[in-house]
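Visitor: I would like to learn how to read a model of this kind, one feature at a time. Could you take me through it slowly?

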Amino acid sequence: MSTFLAILVGQILVNNYVMCQFFGICPFLGVSKKFDTALGMGLAVTFVITVASFITWLVQSFVLTPFHLEYLQTIAFILVIAVLVQLVEMALKKLSYSLYQALGVYLPLITTNCVVLAVAINNITDGYNLLESTFSGFCSALGFTLALLLLAGIRERMEVSNMPKWMQGFPGALIMAGLMAVAFMGFGGLI
Amino acid sequence: MAEARRNPGFGGVFMNGLITENPTFTLMLGMCPTLGVTTAAMNGVSMGLATTFVLVFSNLFISLLRNIIPDKVRIPAYIVIIASFVTMIDLIMQAFLPDLRAVLGTYIQLIVVNCIIFARAESFAAKNPPLLSLADGLGMGLGFTVSITLLSCIRELFGSGSIFGFSVMPEAYQPMAIMNMVPGGFITLGLMMVLVNFIKKALSARKEARA
């Protein structure tokens with residue numbers, strides 16, 4: 001139980017993939033202009049990462065390691081992720097068209113979101129078992145969503161505030177992200 | 001430049017990637033390695049060159065195969081091509097530069113999801129002949145290398161008081177540890193973009209004044 005608690009706190013706050021490790025910066029800056037779209041992206045990513053952690057662990061343990069193909073890890077994992085994203089897109093289209101319309105634009109982007117691949121690789125490097133991997137994937141995705149939502153909230157306020165002209169847009173968002181990262185450093189000693 | 005005169009397309013495409021459409025400052029692509037590995041100038045250069053290698057070869061091969069790959073499965077096809085070259089550079093680095101590989105860590109494997117490579121495959125290599133795609137890969141790759149080297153020089157200078165491992169700051173200088181950490185990366189990049197926007201605006205104003 002304590003392992004799971006450590007993973008929960010660790011992945012969401014202490015080792016947040018976006019704020020503390022620089023993964024997934026592109027969607028973090030790209031889709032954080034509006035709170036609603038950020039929420040949609042966060043949900044889609046959470047789903048994909050959780051399932052991807054589960055499947056990549058199986059692929060690693062039952063295909064790559066037994067046949068000594070560890071050097072194919074990158075290719076195998078990214079293929080799993082690409083296929084998974086495609087499947088999610090097709091399934092959503094059939095099952096829940098409204099959700100598909102809400103998330104539609106972001107789904108293909110998830111393939112090139114490096115959090116997904118980074119979580120999958122780190123699960124293996126950290127030696128987690130199947131349950132821990134899946135849980136850690138879920139928690140990392142929650143951490144990603146948290147960072148995305150926080151920045152989106154701040155940027156919505158920044159839109160209406162009186163910013164110097166040269167700070168508007170990406171420079172402002174980057175500096176804001178830097179200040180958020182300072183805040184996240186405060187969680188450093190938690191576990 | 002002899003190359004450019006014989007074939008203006010090659011040089012033009014190359015310079016476009018290097019400066020006009022610089023991937024980091026104009027297109028905002030490939031942000032994760034840009035921020036993640038730039039704590040020391042050496043890391044920036046090697047990450048940039050590794051990405052350039054992958055970008056040049058993936059662009060070349062995707063361009064060669066552009067008429068064979070069916071449109072519907074192009075994304076998985078591109079990913080397999082890109083991932084093969086990433087695996088190659090990863091294994092080469094593990095064999096010949098193990099220390100550097102240990103520092104750069106997962107970021108080498110993550111070149112596969114670097115949006116620069118994907119974006120260039122989709123928007124350039126899939127539509128242009130091999131030689132031009134090669135030029136685009138080289139230009140974009142070197143443009144990326146130059147910008148992350150610049151960023152990492154600044155961070156190393158303030159964060160450790162050195163450039164490429166050589167101490168340049170006076171003895172009394174107290175290194176700012178925060179430059180080597182996550183916030184330093186975000187803030188330095190933000191300020192650099194302010195500067196780039198400023199220069200761009202000044203240049204276009206001058207061009208208008210002349211015209």
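Visitor: Which pattern does chain B follow when it is read along the sequence?

Guide: Helices (H or I, at least four residues) and strands (E, at least two) are DSSP runs, numbered from the N terminus. Here chain B follows the pattern α-α-α-α-α-α-α-α-α-β-β-α, and its secondary structure comes to 10 helices and 2 strands. Please keep in mind that this is a predicted model, in which local features need pLDDT of at least 70 and side-chain atom pairs count only at pLDDT 80 or more, while totals for chains, interfaces and linings use all residues. Residues are numbered from 1 along each chain as its sequence is written, chains are lettered from A and ligands numbered from 1 in the order in which they are written, and side-chain values use heavy atoms, with hydrogens and water left out.

Visitor: How many salt bridges does the structure hold over all chains?

Guide: Side chains of opposite charge can pair when their charged atoms come close. A salt bridge is a side-chain nitrogen of Lys or Arg within 4 Å of a carboxyl oxygen of Asp or Glu, and the structure holds 4 of them over all chains. Asp71(B), Arg74(B) and Glu122(B) are linked in a network, in which Arg74(B) meets Asp71(B) at 3.7 Å, N to O, and Glu122(B) at 2.7 Å, N to O. Arg74(B) lies in helix H5 (residues 74-96) and Glu122(B) in helix H8 (residues 115-125) of chain B, so this pair ties together parts that are 48 residues apart in sequence.

Visitor: Are Asp90(B) and Arg101(B), which also meet in a salt bridge, buried or exposed?

Guide: Buried means under 20% relative accessible area, exposed over 50%, and partly exposed in between (1.4 Å probe, protein chains only). The side chains of Asp90(B) and Arg101(B) meet at 2.4 Å, N to O, and the pair links helix H5 to helix H6 (residues 98-104) of chain B, 11 residues apart. Asp90(B) counts as buried because its relative accessibility is 6%, and Arg101(B) counts as buried at 14%.

Visitor: Which residues does Gln109(B) touch, not counting residues up to four places away in sequence?

Guide: Contact means heavy atoms within 4.5 Å. Gln109(B), in helix H7 (residues 106-109) of chain B, touches Gln73(A), Thr74(A), Leu117(A), Ile121(A), Val86(B), Asp90(B) and Arg101(B). A polar contact is a pair of N or O atoms within 3.5 Å; within protein, one must be able to donate a hydrogen and the other to accept it, and residues adjacent in sequence count only if both atoms are side-chain atoms. The side chain of Gln109(B) makes such contacts with the side chains of Gln73(A), at 2.9 Å, and Thr74(A), at 3.4 Å. Gln109(B) is itself buried, because its relative accessible area is 8%.

Visitor: Where does Ser133(B) lie, and why does it count as buried?

Guide: Ser133(B) lies in helix H9 (residues 130-160) of chain B, and it counts as buried because its relative accessible area is 0%. Leaving aside neighbours within four places in sequence, Ser133(B) is in contact with Asn59(B), Ser63(B), Phe124(B), Ala125(B) and Asn128(B). For chain B as a whole, buried residues make up 49% of its 211 residues.
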